[in-house]
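Subject: Handover of a structure

Hello,

I am passing this structure on to you. Please look through it first; my notes follow below.

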Amino acid sequence: MPVEPLNLFFCDQYHFPLPDGHKFPLTKYRLLREKLSSDERFRIQPAELATREDVLRVHDPTFVDGFLEGTLPPAAMRRIGFPGSPELVKRILASVGSTLCAARSAIRTGFGGTLAGGTHHAYRNEGSGFCVFNDLAIAISTLRAEADLKKASIIDLDVHQGDGTASIFSDDPDVFTLSLHGERNFPLRKQVSTLDIPLPDGTSDGEYLEALRPALTKAFDFGPEVVFFQAGVDALATDSLGRLGLSPEGMAARDELVIGEVRRRNIPLVITLGGGYSNPIELTVAAHSRTFLTAADVYSPCASI
Ligand SMILES: [Zn+2]
C-alpha cells in the first residue's frame with residue numbers, strides 16, 4: 001500500500017547577512033535540508049512568506065511594523081541578536097511561513113514539519129535570543145482562525161526555557177505549554193509555563209527521559225487537538241550553549257518517545273526546529289535530521305520496504 005510522504009517546509013533560500021564569527025548557526029538549515037533531500041519519505045517544499053496580518057494575530061503592531069520597516073531601536077535589535085536588514089525581514093517572514101505551512105499540513109494530513117522555526121523567546125511586543133516573531137503562537141492562532149480547533153499543547157524540549165511562548169499564552173487556558181530546560185541557562189528571568197521542568201547542569205540521558213515521561217502524560221491528558229513539538233537539540237552534551245549532558249542516542253530516545261506517543265494518540269503533529277550549537281555543526285545537523293527520520297519511521301514504517 002502506498003504511503004504518502006511527510007510534508008516538510010524550508011526557508012533557507014532566503015539568506016541574510018551576519019558578521020563573521022556570529023554564533024547563530026546559519027548554515028545548519030541548508031545542511032539539514034540537503035541531508036534529508038534524498039529520502040523519499042519526505043516531500044520537501046519551499047515555504048510561503050507569512051503576511052503582516054498573520055504576525056499581527058499575536059504580536060503588537062508597533063513592534064511588528066518597527067521590525068518590518070527597519071525602525072526598531074538599536075537596543076531592541078541587540079536583544080534579538082541579529083543585525084537588521086531587508087534580507088533578515090524576508091527570512092523571518094519565511095521562517096514563520098514555514099511553520100504555518102507545516103501546521104496546515106498537520107491539520108490536513110496528521111503531520112507537518114518545518115526545517116526552521118521554534119522561535120520561542122519572542123514575546124508579544126519584543127524579540128529576544130535570535131527570535132523575532134513567535135512562530136508557535138502565530139501558528140496556533142492561525143489554526144484557530146482557519147480550522148475548528150481550540151486546544152493545543154506545545155512540547156518545548158529546547159534546552160532554553162520557552163519564555164516568550166509561556167508569556168504569550170499565560171492567560172490562555174486552552175494552550176498547554178511544557179518546557180523542559182536547563183535551570184541555569186538563558187533566559188535568566190524565567191516565565192511561568194503550564195508545566196516547567198528545570199533540569200540541573202549535566203543532566204544525563206536517563207535522568208532526562210525520567211523527567212520527560214510524566215510531563216508528556218500531562219501535556220497529552222490536557223486533550224490537545226494539535227501538538228507542536230519544539231525539537232531543539234541544544235540539550236546535547238556537545239552543545240556549546242547547552243550545559244546538559246545528553247548523548248545522540250538519548251536525544252533520539254527523546255524524539256521516539258514524543259513522536260511515538262503523539263502518533264499513538266492520533267493527534268496532528270507539527271515539528272519545528274529550535275536551538276543547536278554543537279561544534280562541529282554536523283553534530284547539530286545529525287541530531288535535527290534524526291528527529292525527522294524518527295518521524296518517518298513512526299509515520300510510514302513500511303515505506304522503505
Ligand atoms: Zn535553545
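Leaving aside its neighbours within four places in sequence, which residues is Leu 93 in contact with? They are Leu 49 and Ala 50, where contact means that the C-beta atoms of two residues, placed from the backbone, lie within 7 Å.

Two notes on conventions. This is a predicted model, in which local features need pLDDT of at least 70 and side-chain atom pairs count only at pLDDT 80 or more, while totals for chains, interfaces and linings use all residues. Residues are numbered from 1 along each chain as its sequence is written.

The sheet

The model has an open sheet of 8 strands with parallel pairing, in the order β2-β1-β3-β8-β7-β4-β5-β6. Helices (H or I, at least four residues) and strands (E, at least two) are DSSP runs, numbered from the N terminus, and two strands pair if DSSP finds at least two bridges between them. β2 (42-46) and β6 (195-199) are at the edges with a single partner strand each, so one side of each has no neighbour in the sheet. From one strand to the next the twist averages 15 degrees. Axes here are lines fitted to C-alpha atoms, for helices over the stretch in contact, and angles run from 0 to 180 degrees between N-to-C directions.

Helix α5 (residues 86-109) packs on the sheet and touches β1 (6-10), β3 (111-114), β7 (226-230) and β8 (269-272). Its direction makes about 165 degrees with that of β3. Leu 93 lies in α5 and is buried, with 24 other C-beta atoms within 10 Å. The cut-offs, again with C-beta atoms placed from the backbone, are 20 or more such atoms within 10 Å for buried, 12 or fewer for exposed, and in between for partly exposed.

In β3, Phe 111 and Gly 113 point one way and Gly 112 and Thr 114 the other, and all are buried. β3 pairs with β1 over 2 bridges, and Thr 114 stands opposite Phe 9. β3 also pairs with β8, over 3 bridges, where Gly 113 has Ile 271 as its bridge partner. Further along the sheet, 5 bridges join β4 (residues 152-156) to β5 (residues 175-182); one of the bridge partners is Val 175 in β5, for Ala 152.

The core

The largest nonpolar core has 84 residues. Such a core is a set of buried Ala, Val, Leu, Ile, Met, Phe, Trp, Tyr and Cys residues joined through C-beta atoms within 7 Å. Its largest share, 10 residues, comes from α5. Ile 155, Phe 228, Phe 229, Leu 269 and Val 270 have the most contacts inside the core. Beyond four places in sequence, the contacts of Phe 228 include Leu 136, Ala 152 and Val 270.

Helix α9

α9 (residues 248-264) has 17 residues. Its buried residues are Gly 250, Met 251, Arg 254, Asp 255, Val 258, Ile 259 and Val 262. They cover an arc of only 160 degrees around the axis, which puts them on the same side of α9; the arc is that of the directions from the helix axis to the C-beta atoms. These residues pack against β4, α8 (205-221), β7, β8 and α10 (281-299). The face turned away from the buried side carries the exposed Glu 249 and Arg 264.

Arg 263 is also in α9. With 15 C-beta neighbours inside 10 Å, Arg 263 counts as partly exposed. Leaving aside neighbours within four places in sequence, Arg 263 is in contact with Val 298 and Tyr 299.

Regards

Note on methods
The expected span of a helix is 1.5 Å times one less than its number of residues.
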